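Please keep the sequence and the structure in view while reading.

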Amino acid sequence: MSVIGWTALTEIKIPNRVTEIGGGAFNGVSSLTSINIPNGVTKIEIYTFRDCSSLTSINIPNGVTEIGGGAFIGCSSLTTITIPNSVTEIGDEAFEDCKNLKTVNIDPANSNLSYMSGFGG
């Protein structure tokens, strides 16, 4: 499912039973300002929040192990992200063109992060 065209959507509360957020699910929802990712989510697929240009911060819950390539590409208002201990992989260009990203909090206990190429631009 994708919500392309839902330009007035500002907030998303994903149900607790969701374990993966599919590729492109919220691609281009430029009005989205906040997202609540529940603890049961283990994977954020490719381009999930691509070009959500009003999104300002994201707290990725412990339990997420993978952030797909381009997951947050073009989230130009994103200023802060928190990456928990559980994340082992951040895909290519995951946070590309997040021009206002000032703070990336990676859990200091995270010794499992084996692949991280998602920052640039």
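## Aromatic pairs and their cluster

A search of the whole structure finds 3 aromatic pairs, where rings of Phe, Tyr and Trp (its six-membered ring) pair if their centres lie within 6.5 Å, and planes under 30 degrees apart count as stacked, over 60 as edge-to-face and the rest as tilted. One of them joins Phe 49 and Phe 72, which are stacked at 5.2 Å centre to centre with 15 degrees between the planes. Phe 49 belongs to the loop between β4 and β5, and Phe 72 to the loop between β6 and β7 (80-83), so this pair ties together parts that are 23 residues apart in sequence. Strands here are DSSP runs (E, at least two residues), numbered from the N terminus.

Phe 49 is buried, with a relative accessible area of 0%, and Phe 72 is likewise buried at 0%; buried means under 20% relative accessible area, exposed over 50%, and partly exposed in between (1.4 Å probe, protein chains only). Phe 72 also forms a stacked pair with Phe 95, at 5.1 Å centre to centre and 0 degrees between the planes. Because Phe 72 lies in the loop between β6 and β7 and Phe 95 in the loop between β8 (89-90) and β9 (103-106), this pair, too, ties together parts that are 23 residues apart in sequence. Phe 95 is buried, as is Phe 72, and Phe 26, Phe 49, Phe 72 and Phe 95 form one aromatic cluster.

## Basis of the model

This is a predicted model, in which local features need pLDDT of at least 70 and side-chain atom pairs count only at pLDDT 80 or more, while totals for chains, interfaces and linings use all residues. Residues are numbered from 1 along each chain as its sequence is written, and side-chain values use heavy atoms, with hydrogens and water left out.

## The surroundings of Thr 48

Thr 48 lies in the loop between β4 (43-44) and β5 (57-59), and it counts as buried because its relative accessibility is 0%. The side chain of Thr 48 reaches the backbone oxygen of Glu 45 at 2.6 Å. Leaving aside residues up to four places away in sequence, Thr 48 touches Ile 21, Gly 22, Gly 23, Gly 24, Ala 25, Phe 26, Asn 27 and Ala 71, where contact means heavy atoms within 4.5 Å.

## Charged side chains

The structure holds 4 salt bridges, each defined as a side-chain nitrogen of Lys or Arg within 4 Å of a carboxyl oxygen of Asp or Glu. Among them is the one between Glu 66 and Lys 43, at 4.0 Å from N to O, which links distant parts of the chain, with Glu 66 in strand β6 (residues 66-67) and Lys 43 in strand β4, 23 residues apart. Glu 66 is partly exposed at 24%, and Lys 43 is partly exposed at 24% relative accessibility. Another joins Glu 11 and Lys 13 at 3.9 Å, where Glu 11 is partly exposed at 44% and Lys 13 counts as exposed at 62%.

Asp 51 and Arg 50 meet in a salt bridge at 3.8 Å, with Asp 51 partly exposed at 37% and Arg 50 partly exposed at 31%. The charged end of Arg 50 also sits over the ring of Tyr 47, 4.8 Å from its centre, a description that applies if NZ of Lys or CZ of Arg is within 6 Å of the ring centre and within 35 degrees of the ring normal.

Definitions and conventions: Helix = DSSP H or I, 4+ residues; strand = E, 2+ residues; numbered from the N terminus. Polar contact = N/O pair within 3.5 Å; in protein donor to acceptor, adjacent residues only side chain to side chain.
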